[in-house]
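Please have the model open as you read.

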Amino acid sequence: MQQHASEPCPKRVPIFHSLSELEIQKITAVVHHKLFKKGERIIEEGEKSTSLFIIHSGKIKLSKLTVHGKEQIVHLLTVGDFFGEQNLFHENTVMNLSGYAVEDTKICLLKKQEFDQIMANNPDISFKFLKTITKRLAHTEDLARTLATKDPEVRIANMLLEFCEIFGTERQNAILINLPITREEISSYVGLTRETISRKLAKFADKGILTLIGNKQILINDKGKLQTTGDPLLDF
């Protein structure tokens with residue numbers, strides 16, 4: 001379903017889809033909005049917060065610094081996604097990740113008190129909220145496993161499959177990905193040098209798995225081959 005910039009925040013969040021129009025209006029009345037320019041920090045690792053951050057428009061990355069002082073991107077979020085949920089359940093909890101706007105982004109802030117009331121009045125939302133958090137934890141575990149492998153093709157294939165799901169658009173028998181982050185940020189996401197990423201993407205292209213369109217778009221011609229890790233077609 002296409003979403004429009006004029007829609008109130010709650011209508012853009014899947015966990016709130018079961019709410020009535022009146023309930024949506026009540027939440028809309030208590031959320032606060034903040035605009036962030038591309039590259040601007042939304043919240044910093046170690047900072048305290050008592051709000052749920054909801055993405056009304058734009059995209060953000062959640063990252064942390066490694067022991068070597070390098071950025072490691074952990075999550076990429078888009079319209080309707082939320083973060084900062086740990087702040088709602090634990091007193092004096094600090095953010096374990098930093099959030100940055102990948103493009104100009106509008107954030108809706110929902111305070112803990114209002115969120116607690118919503119949860120109390122709508123028990124089904126608690127279940128949906130838990131499902132979303134569980135899915136995000138599973139993604140973090142998948143990312144850890146991906147980074148643990150020394151196979152760069154596996155890392156890149158998993159990243160492209162994730163981008164297909166979140167940022168991809170169906171184009172006949174292919175999927176067009178509008179890359180949400182720069183090549184440098186992709187490097188920090190999959191833990192590979194830019195040169196390695198460019199070289200492996202070119203080899204995927206040579207095999208017909210994908211087509212590179214400039215620096216910001218990738219057309220996935222054969223998603224099945226990406227999903228087949230260890231296949232001879234992916235054995236460089």
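E45 counts as partly exposed, at 32% relative accessibility; here buried means under 20% relative accessible area, exposed over 50%, and partly exposed in between, using a 1.4 Å probe and protein chains only. Its partner is K64, and the two form a salt bridge whose closest N and O atoms are 3.3 Å apart. This pair links distant parts of the chain: E45 sits in the loop between strand 2 (41-43) and strand 3 (51-57), while K64 belongs to strand 4 (residues 60-65), 19 residues apart. K64 is partly exposed too, with a relative accessible area of 32%.

A word on how to read these values. This is a predicted model, in which local features need pLDDT of at least 70 and side-chain atom pairs count only at pLDDT 80 or more, while totals for chains, interfaces and linings use all residues. Residues are numbered from 1 along each chain as its sequence is written, and side-chain values use heavy atoms, with hydrogens and water left out. Helices (H or I, at least four residues) and strands (E, at least two) are DSSP runs, numbered from the N terminus.

How many salt bridges does the structure hold? The count is 9, where a salt bridge is a side-chain nitrogen of Lys or Arg within 4 Å of a carboxyl oxygen of Asp or Glu. Side chains of opposite charge can pair when their charged atoms come close.

| Salt bridge | Closest N and O atoms |
|---|---|
| R41 and E44 | 3.6 Å |
| E45 and K64 | 3.3 Å |
| K225 and D222 | 3.8 Å |

In the R41 pair, R41 is partly exposed with a relative accessible area of 43%, and E44 is partly exposed at 36%. For the K225 pair, K225 has a relative accessible area of 25%, making it partly exposed, and D222 counts as partly exposed at 26%. Elsewhere, K61, E71 and E185 are joined in a network of salt bridges.

Now to the loop residue. L179 lies between strand 10 (174-178) and helix 7 (183-190), in the loop there. Is L179 buried or exposed? With 6% relative accessibility, L179 counts as buried. Leaving aside residues up to four places away in sequence, L179 touches F163, I186, N215, K216, Q217 and I218, contact meaning heavy atoms within 4.5 Å.
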